[in-house]
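Please examine the protein shown below.

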Amino acid sequence: MFLAAGNKGDINTIIGGIAPKWGPFGELGREARVMIEVIMAAAILLCLAIAIWGAAKQRIGATALRDTFSAEQGKGLIVAGLTGVFIIGSLGTLFTIVYGMAV
């Protein structure tokens with residue numbers, strides 16, 4: 001166990017190995033990183049809003065209006081919104097992996 005931990009057995013070593021290194025964006029300044037993070041956060045909020053809209057559309061269409069087309073559209077919006085959240089949320093990791101494989 002001691003050999004696996006090495007001389008520096010602190011939590012920063014473990015967390016530093018998991019956190020993305022920003023890959024190709026590692027040379028960007030602090031302001032550019034913050035701007036990218038803000039854009040990604042806004043896109044995640046938009047995708048969550050789409051998923052909530054879809055849930056409402058599915059619920060209203062399935063119960064109140066008995067409209068199966070609206071309910072199916074709601075299902076599609078939920079899937080699209082949650083897929084967008086997953087993709088945007090994992091972009092940093094994907095960039096790091098692709099950049100690491102290219103280098």
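Biologist: On what basis are the values given, and how many helices and strands does the protein have?

Modeller: This is a predicted model, in which local features need pLDDT of at least 70 and side-chain atom pairs count only at pLDDT 80 or more, while totals for chains, interfaces and linings use all residues. Residues are numbered from 1 along each chain as its sequence is written, and side-chain values use heavy atoms, with hydrogens and water left out. Helices (H or I, at least four residues) and strands (E, at least two) are DSSP runs, numbered from the N terminus. Along the sequence the pattern reads α-α-α-α-α, and the count is five helices and zero strands.

Biologist: What percentage of the residues in the protein is buried?

Modeller: A residue is buried under 20% relative accessible area, exposed over 50%, and partly exposed in between (1.4 Å probe, protein chains only). The protein has 103 residues, and the buried share of them is 12%.

Biologist: Why does the length of helix α4 agree with its number of residues?

Modeller: Helix α4 covers residues 68-89, which is 22 residues. The expected span is 1.5 Å times one less than the number of residues, so α4 should span 32 Å. The distance between its end C-alpha atoms agrees, because it is also 32 Å.

Biologist: Which residues of α4 are buried, and what arc do they cover around the axis?

Modeller: The buried residues in α4 are Ser70, Ala71, Gly74, Gly81, Gly84 and Ile88. They lie on the same side of α4, because the arc they cover around the axis, taken from the directions from the helix axis to the C-beta atoms, is only 150°.

Biologist: Which residues are exposed on the other side of α4?

Modeller: The buried residues of α4 include Ser70 and Ile88. On the other side of the helix, the exposed residues are Thr68, Phe69, Val79 and Phe86.

Biologist: Which side chains meet in a salt bridge?

Modeller: A salt bridge is a side-chain nitrogen of Lys or Arg within 4 Å of a carboxyl oxygen of Asp or Glu, and by this rule the count is one. Both partners lie in helix α4, three residues apart, about one turn of the helix. With 3.4 Å from N to O, the pair is Lys75 and Glu72.

Biologist: Is Ser90 buried or exposed, and which residue has its backbone oxygen 2.9 Å from the Ser90 side chain?

Modeller: Ser90 is in the loop between α4 and α5 (91-102). Ser90 counts as buried because its relative accessibility is 17%. A polar atom of its side chain lies 2.9 Å from the backbone oxygen of Phe86.

Biologist: What is the C-alpha to C-alpha distance between Gln73 and Gly54?

Modeller: Gln73 is in helix α4 and is partly exposed, with a relative accessible area of 33%. Gln73 and Gly54 are 19 residues apart in sequence, and their C-alpha distance is 7.1 Å.

Biologist: What distance separates the C-alpha atoms of Gly76 and Ile50?

Modeller: Gly76 also belongs to helix α4, and its relative accessible area of 40% makes it partly exposed. Gly76 and Ile50 are 26 residues apart along the chain, and their C-alpha atoms are separated by 9.9 Å.

Key. A polar contact is a pair of N or O atoms within 3.5 Å; within protein, one must be able to donate a hydrogen and the other to accept it, and residues adjacent in sequence count only if both atoms are side-chain atoms.
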